[in-house]
Amino acid sequence: MFWNEEIETMPRQDLEELQLKKLQATIKRAFDKIPYYNKKYTEAEVFPEDIETLKDIEKLPFITKDDLRESYPFGLFAVDIKEIKELHSSSGTTGKPVVSGYTEKDLDTWAETTARGLTMMGLGEDDILQNTHGYGMFTGGFGVHYGSHKIGAAIIPISTGQTRRQIEIMSDFGATGLIFTPSYGIHIGEVALEDGIDPKDLGIKAIGFGAEMWTEEIRQKVEELFGCKAFNIYGLTELMGPGVGVECEAQEGLHIAEDIYYPEIIDPNTGKTLGANTPGELVLTNIEREGMPVIRFRTKDLTKLTYEKCSCGRTHARMSRITGRSDDMIKVKGVAIFPSQIEKALLKVGDVEPHYLIIVTRPGTLDEIEVKVEASKDIFFDGVKEMMAVQQKIAKSIENETGIRVKVTLVEPKTLPRFEGKAKRVIDERNLH
Ligand code: DLL
C-alpha cells in the first residue's frame with residue numbers, strides 16, 4: 001500500500017535526477033533570497049553553479065543549530081512573512097528557540113510526508129487516529145494531524161496528558177491508530193492495566209512513535225502491551241517536523257522521503273561524508289521547501305543509511321534507528337537539555353564547586369534527572385539544614401533555566417570524577433542505545 005506509488009517506488013536513477021534538479025533550485029533560491037546563505041557561501045567561495053552533481057553538495061558548508069539561532073527568528077526565510085502560514089519552534093531550552101516557518105505549499109509538502117508514513121503503517125480512511133503528541137509549538141501534533149487529513153482518517157487531536165481520559169476516549173471512539181512518544185505510550189499502557197483494562201482489547205491496529213530515542217526492547221514492550229506493530233517516526237523541527245523518515249511494514253529502517261529531504265552521513269569529527277551502511281551523523285537538506293530551506297543541517301543524530309531496495313517495494317533510502325547523538329544533548333520528557341544549562345544554573349547559586357554529574361534514569365516509564373554537585377567545603381561542614389537549603393535553591397535555579405524539575409544531591413568536595421580533556425557530564429542510564 002503506497003500513498004504516492006510513483007514517487008515512493010521511483011527507480012533510483014530517476015530519483016537522483018529529480019533530487020539534483022531540486023537541490024540545484026533550492027541552492028539557487030537560498031543564495032538569491034537569503035542573505036545569510038549568500039554571505040556564508042560567498043565566504044566559502046562556493047556558488048550555485050558549482051553544484052553539478054549530487055556529490056557536489058559536499059562543497060557547501062554545514063548549517064548548525066547555532067546558525068539557526070543567529071538568524072532568529074526569521075533570518076532564514078526565503079519568502080516575505082505574508083507568504084508564511086504557520087510557525088513552529090523546537091522544544092529546546094538553550095538560548096533562543098529554533099523557528100520553523102511554512103508557506104501554504106510547505107504545509108502540503110509536510111502533510112505529504114506524514115501521509116506517506118501513516119500509509120506505511122497500514123492506516124487509511126477507515127481509521128480513527130488518536131494523536132497524543134502536543135498540539136502547539138512542537139511539530140509532533142500538527143505534523144501528524146495534517147498527514148491524517150490527507151489520508152482521510154478521522155483524527156482525535158487529544159494532545160498529551162490526562163491519561164485516563166485518553167484511554168476512555170480511545171475505547172469509546174474506537175481508535176484504531178495511536179501516535180505517541182515511546183515513554184508516554186508505555187505509561188498509557190500501564191495506566192490502562194492498573195485500571196483493569198487490557199490495552200490489547202482496545203483494538204489498536206498500528207502505533208506510530210518517535211520524537212525521542214528508544215531501544216528494540218522498548219518497541220517490544222509497546223507491541224506486547226497494545227498487541228500490534230509499532231512504527232518508528234523520525235523528524236526534527238528545523239527540517240519541518242515528523243515525517244522525515246517513517247518505517248514501513250518491514251520495520252527494517254525508516255524510509256526517508258528522499259524527494260523532499262536529501263540525506264547524508266558524515267563523520268562527526270572530521271565532517272567528511274561517509275558511504276552507505278557506515279554509522280555517522282545524519283545531515284539533512286530540504287530540497288522541497290519554499291519558506292525556509294535548510295541546507296546541510298547537522299542533526300547530531302547518529303544513524304546509518306542503506307540504499308538497498310526494501311521488501312515493501314519502496315526505493316527511498318532507509319535510515320536505521322537513531323542510536324545516539326554526537327553532542328551531549330539529552331531529551332528528557334520531550335525537552336532538549338544541554339549540560340551547559342544545568343552548569344549555568346547551579347553556578348549561579350554559589351556554595352558549590354564546578355564539579356557535577358547529571359544522571360538520567362527511567363525508573364518506571366518516565367524520565368528522572370539527578371544532578372550531583374560537589375558542595376563547597378564550608379557548606380559541607382555546616383550541617384544538613386544548610387545543605388538542604390542549597391539543594392533546593394539549585395533545583396529551583398535549574399527549573400528556571402530548563403523548565404525541568406530535577407533532584408539535586410550535594411556530595412562531599414572532591415568525590416566526583418575529574419576528567420582529562422572532554423568531561424563526561426551525563427550518565428544516561430536509560431539504556432537507550
Ligand atoms: O521530535 C519531531 C517529531 C515529532 C518526530 C513527532 C517524531 C514524532 P524536535 O522536537 O525538534 O522534533 O526534536 C528533534 O528528536 O534531532 C532527535 O534527536 C530526536 N528524535 C526525533 N524522532 C526520533 C526518533 C521532533 N524516531 C530531535 N528516534 C531529533 C530517536 C528521535 N530520536
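## Ligand site

A polar contact is a pair of N or O atoms within 3.5 Å; within protein, one must be able to donate a hydrogen and the other to accept it, and residues adjacent in sequence count only if both atoms are side-chain atoms. Glutamate 212 uses its backbone instead, where an N or O atom is 3.2 Å from a ligand nitrogen.

The ligand is surrounded by 20 residues, each with a heavy atom within 4 Å of it. The closest are Asn232, Ile233, Thr237, Asp301 and Lys331.

## Basis of the model

The model is predicted: local features need pLDDT of at least 70, side-chain atom pairs count only at pLDDT 80 or more, and totals for chains, interfaces and linings use all residues. Residues are numbered from 1 along each chain as its sequence is written, and side-chain values use heavy atoms, with hydrogens and water left out.

Domain 1 covers residues 5–327 and domain 2 covers 335–428, with bounds from an automatic or database domain assignment. Their centres, taken over C-alpha atoms, are 33 Å apart. In the contact (heavy atoms within 4.5 Å), domain 1 supplies 11 residues and domain 2 supplies 10. About 900 Å² is buried between the domains, 54% of it from carbon and sulfur atoms; this is the accessible area (1.4 Å probe) lost on putting the two parts together, summed over both.

One salt bridge is counted between the domains, the term being a side-chain nitrogen of Lys or Arg within 4 Å of a carboxyl oxygen of Asp or Glu. Glutamate 212 and arginine 362 meet through their side chains in a salt bridge of 4.0 Å, N to O. On the side of domain 1 that touches domain 2, helix α8 (residues 182–194) gives the largest share, four residues.

## Backbone features

Most residues other than glycine have a negative phi, and most peptide bonds are trans. Tyrosine 72 and proline 73 are joined by a cis peptide bond, with omega about -5°. Proline 73 sits in the loop between α4 (65–70) and β1 (84–89). Helices (H or I, at least four residues) and strands (E, at least two) are DSSP runs, numbered from the N terminus.

Serine 159 has a positive phi, near 70°. This serine 159 belongs to the loop between β4 (154–156) and α7 (163–173).
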